Amino acid sequence: FAKGNRVMALDTAFQELTMLAVTGAGFGAEFPERFEELYANSYARQDPADWKRLHEAGLGIPPEQDEFVSLDTRTKNDLTMFAEYCAEFYPDYVAQLGLEEYVGG
């Protein structure tokens, strides 16, 4: 894995990514209102003219802004993917984790 002048072994990148995910989950659990605010600010629709100008100036963003997905919808989608993974590889976990409503729907 290489980013700029920094090169990192794949296992090291995975370890760092895992720590970031755990830290993010902990932050969201401890400060849910702040997390919701940060999420909304990060994914809010921008003025299309500003977006186009930034893209054309070389900012690494796609030409068109993605459609906004609410936190509730994203959470449901993530839980559905996780529940389907559990159902396939760890079926006993589905009931233990209360994921029945997200499987097969």
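This report describes the salt bridges, the aromatic pairs and a nonpolar surface patch of the structure shown above.

The structure is a predicted model, in which local features need pLDDT of at least 70 and side-chain atom pairs count only at pLDDT 80 or more, while totals for chains, interfaces and linings use all residues. Residues are numbered from 1 along each chain as its sequence is written, and side-chain values use heavy atoms, with hydrogens and water left out.

## Salt bridges

A salt bridge is counted here when a side-chain nitrogen of Lys or Arg lies within 4 Å of a carboxyl oxygen of Asp or Glu, and by this rule there are three salt bridges.

| Salt bridge | N to O distance |
|---|---|
| Arg34 and Glu37 | 3.0 Å |
| Arg53 and Asp50 | 3.7 Å |
| Lys52 and Glu56 | 3.9 Å |

The helices named in this report are DSSP runs of H or I with at least four residues, numbered from the N terminus. Arg34 and Glu37 are three residues apart in helix 2 (residues 32-43), and this spacing separates them by about one helical turn. In helix 3 (residues 48-56), Arg53 and Asp50 are likewise three residues apart, about one turn of the helix, and Lys52 and Glu56, also in helix 3, are four residues apart, again about one turn.

Exposure is judged by relative accessible area, with buried meaning under 20%, exposed over 50% and partly exposed in between (1.4 Å probe, protein chains only).

## Aromatic rings

Rings of Phe, Tyr and Trp (its six-membered ring) are paired if their centres lie within 6.5 Å, and planes under 30 degrees apart count as stacked, over 60 as edge-to-face and the rest as tilted. The count by this rule is six aromatic pairs. One of them joins Tyr85 and Phe89, whose ring centres are 5.0 Å apart and whose planes stand at 45°, so the pair is tilted. Both residues lie in helix 4, four residues apart, which is about one turn of the helix. Tyr85 also forms a tilted aromatic pair with Tyr90, at 6.1 Å centre to centre and 50° between the planes. Ring pairs link Tyr85, Phe89, Tyr90 and Tyr93 into a cluster.

A ring elsewhere has a charge over it: the charged end of Arg74 sits over the ring of Tyr43, 5.1 Å from its centre, where the rule asks for NZ of Lys or CZ of Arg within 6 Å of the ring centre and within 35 degrees of the ring normal.

## The nonpolar patch

Phe82, Tyr85, Phe89, Tyr90, Tyr93 and Leu97 make a nonpolar surface patch of about 620 Å². Residues of such a patch have over 30% relative accessible area and no salt bridge, and nonpolar side chains (Val, Leu, Ile, Met, Phe, Trp, Tyr) are joined within 5 Å. The largest share of the patch, three residues, comes from helix 4 (residues 71-89), and Phe82 lies in that helix. Phe82 is partly exposed, with a relative accessible area of 40%. Tyr85 is partly exposed at 41%, Phe89 is partly exposed at 47%, and Tyr90 is partly exposed at 41%.

Definitions and conventions
Patches are made of residues with over 30% relative accessible area and no salt bridge: like charges are joined within 9 Å, nonpolar side chains (Val, Leu, Ile, Met, Phe, Trp, Tyr) within 5 Å. Accessible areas come from the Shrake-Rupley method with a 1.4 Å probe; for residues, only the protein chains shown count as cover. Helices (H or I, at least four residues) and strands (E, at least two) are DSSP runs, numbered from the N terminus.
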